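Hi,

Here is the structure I promised to pass on. Have a look at it, and then read my notes below.

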Amino acid sequence: MTQETITIENKTGIHARPASIFVQTATKFKSKVQIQAKGKTVDAKSILMIMSMGLVKGTEITIVADGPDEVEAVKALKDLVASKFGEE
């Protein structure tokens, strides 16, 4: 299992467009990918689950992956969050 913690920095947090990009990126990997935040753990390949978390700017999330390409999955998703989803 591989995991990384990162803080959401884009102004609008993870709303529909960034959540969609996050899910599209996560589904490219074979590993099971989850997001942990606010005491909850959700499937990172489900846009509804991600949207239900209400992830706003300043929220710390932990990206967790378990599987054959877990290291690559966590790195790709962390880089995506760090890029502010290309919004700023």
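Where is threonine 59 found? Threonine 59 sits in the loop between α2 (47–52) and β4 (60–66); helices (H or I, at least four residues) and strands (E, at least two) are DSSP runs, numbered from the N terminus.

Before going on, some housekeeping. This is a predicted model, where local features need pLDDT of at least 70 and side-chain atom pairs count only at pLDDT 80 or more, while totals for chains, interfaces and linings use all residues. Residues are numbered from 1 along each chain as its sequence is written, and side-chain values use heavy atoms, with hydrogens and water left out.

Threonine 59 has a relative accessible area of 10%, so it is buried (under 20% relative accessible area; exposed is over 50%, partly exposed in between, with a 1.4 Å probe and protein chains only). A polar atom of its side chain lies 2.8 Å from the backbone oxygen of valine 56. Setting aside neighbours within four places in sequence, threonine 59 is in contact with Ile6, Thr7, Ile8, Ala37 and Lys38 (contact means heavy atoms within 4.5 Å). For threonine 7, the C-alpha to C-alpha distance to threonine 59 is 5.6 Å, although the two are 52 residues apart in sequence.

Now the overall fold. The protein has 3 helices and 4 strands, and along the sequence they follow the pattern β-α-β-β-α-β-α. The radius of gyration is 11 Å, close to the 12 Å that the globule rule gives for 88 residues, so the protein is as compact as a globular protein of that length (the radius is taken over C-alpha atoms, and the rule is 2.2 Å times the number of residues to the power 0.38). Along the principal axes, the C-alpha atoms fill a box of roughly 35 × 25 × 20 Å. Buried residues make up 41% of the 88. Of the contacts with a separation of 6 or more, 70% come from residues 24 or more positions apart.

Threonine 2 is in strand β1 (residues 2–7) and counts as buried because its relative accessibility is 18%. Its side chain makes a polar contact of 2.8 Å with the side chain of glutamate 70 (a pair of N or O atoms within 3.5 Å; within protein, one must be able to donate a hydrogen and the other to accept it, and residues adjacent in sequence count only if both atoms are side-chain atoms). Beyond four places in sequence, the contacts of threonine 2 include Ile63, Val64, Ala65 and Val74.

Methionine 49 is in helix α2 and is partly exposed, with a relative accessible area of 37%. Not counting residues up to four places away, methionine 49 touches Val42 and Asp43.

Cheers
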